[in-house]
Amino acid sequence: MDLAKKLRQFGKVRTNEPMSKHTTFKIGGPVALYIDINAVEDVPAVIALLDEVGMEYIILGGGSNMLWQDEPYEGAVITILDSHIEIDGETVLAHAGAQTVKVAQASVKEGLEGFAWGVGVPGTIGGAVRGNAGAMGKEMKDDVAKIEVLVNGEVVEFLNRECDFSYRNSIFKLQGGIVLKVWLKLKNGDAQASMKKALEALQYRNTTQPKGFASTGCIFKNFKIQGLSHASTGDSKFKIEQLPQEFIDKGVVSAGWMVDQAGMKGVKIGDAQVSDVHGNFIVNLGKATAADVKALIAQVKQAVYSKFGVELEEEIYMHNS
Ligand code: EPU
């Protein structure tokens with residue numbers, strides 16, 4: 001293919017590539033083109049080539065937060081491999097392909113405080129910004145100073161407040177735009193205290209989330225309590241006083257807790273199973289398909305709706321063309 005030949009100057013190009021090799025869920029059918037981009041500066045040129053032939057594309061930010069379809073996809077999937085990290089004083093610059101874990105580790109090693117929570121977050125920093133990833137009560141929006149993005153063929157900078165960050169969301173998720181570079185503003189601090197926080201974050205994840213099986217992190221968004229008075233949840237069966245105090249204090253109910261209370265932990269469809277460790281995870285026991293996972297998601301939603309009157313909303317990206 002002429003296009004594939006042109007794209008090869010920017011990195012490896014594969015055809016008919018199974019997405020199950022590239023998602024942490026190990027699920028997904030073949031894609032027509034799978035393109036690696038070695039240098040973030042080349043992203044605009046690759047996009048221009050795809051636009052020229054009218055080929056659809058998706059940027060993969062580590063494949064850690066997505067459920068990819070079983071059916072073939074006629075478009076292109078792009079991975080930005082550029083993982084450059086540079087620390088200057090209290091500012092950390094990371095190119096989009098850097099693993100969030102690596103960025104967090106580098107910041108902690110440098111004695112910077114603020115981003116230790118990122119040590120257990122899978123995927124790339126570009127993907128983390130796009131989805132305003134979070135853990136341990138913090139989110140990307142707390143640490144991002146500015147980012148460089150490709151929007152409509154132009155490379156532009158967005159300051160934090162221009163990114164419209166909200167819970168697991170950003171302007172780029174809503175309106176498009178490819179994150180190229182991220183600047184985090186952290187604070188000089190106690191290296192040992194940062195390291196301790198990082199270890200605590202890892203330990204917490206290790207003890208409360210499933211290990212050893214392919215998964216895609218939390219499936220559903222947590223539920224904001226003020227939503228209870230919202231018209232769409234007016235028939236909610238929640239009794240605020242029955243909720244654990246920690247949720248009332250935070251104003252948010254853990255979706256995992258609701259799935260657990262609804263008795264869905266361990267429930268299986270095909271090789272997809274609701275984790276028996278954390279209710280907001282589905283694990284792939286081996287040969288799960290996207291169809292299995294979707295059917296299980298529907299069953300979990302139904303069970304939580306019956307028990308609490310709450311409609312869970314997916315937080316993962318579900319690719320269906
Ligand atoms: N809980 C249960 N049963 C379960 C799951 C949780 O009783 O099956 C209880 C826990 O015991 C705890 C409470 O619910 O008392 C909250 O659980 P947890 O601390 O695990 O937090 P979460 O709200 O369920 C959030 C994020 C995670 C993040 C963790 C830890 C969302 C949707 N989830 O989970 O993020 O790792 O906090 O910081 O915001 C992700 O984004 O993919 C993800 C997994």
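Predicted model: local features only at pLDDT ≥ 70, side-chain atom pairs only at ≥ 80, totals over all residues.

Reply: Residues are numbered from 1 along each chain as its sequence is written, and side-chain values use heavy atoms, with hydrogens and water left out.

A polar side-chain atom of Lys265 lies 3.2 Å from an oxygen atom of the ligand, which falls under the definition of a polar contact (a pair of N or O atoms within 3.5 Å). For Tyr167, too, a polar side-chain atom is found 2.8 Å from a ligand oxygen, whereas Cys218 places a polar backbone atom 2.7 Å from an oxygen atom of the ligand. Of the ligand's own 820 Å² of accessible area, the protein covers 81% (Shrake-Rupley method, 1.4 Å probe).

The shell around the ligand holds 23 residues, of which Met136, Tyr204, Cys218, Glu246 and Asp260 come nearest; a residue is near when one of its heavy atoms lies within 4 Å. By class, the shell has nine nonpolar, eight polar and six charged residues, with Ala, Val, Leu, Ile, Met, Phe, Trp, Tyr, Cys and Pro counted as nonpolar, Asp, Glu, Lys and Arg as charged, and the others, Gly among them, as polar. Helices α6 (191–208), α7 (245–250) and α8 (255–261) each supply at least two shell residues, and the largest share, three residues, comes from α8 (helices are DSSP runs of H or I, at least four residues, numbered from the N terminus).

Notes: Polar contact = N/O pair within 3.5 Å; in protein donor to acceptor, adjacent residues only side chain to side chain.
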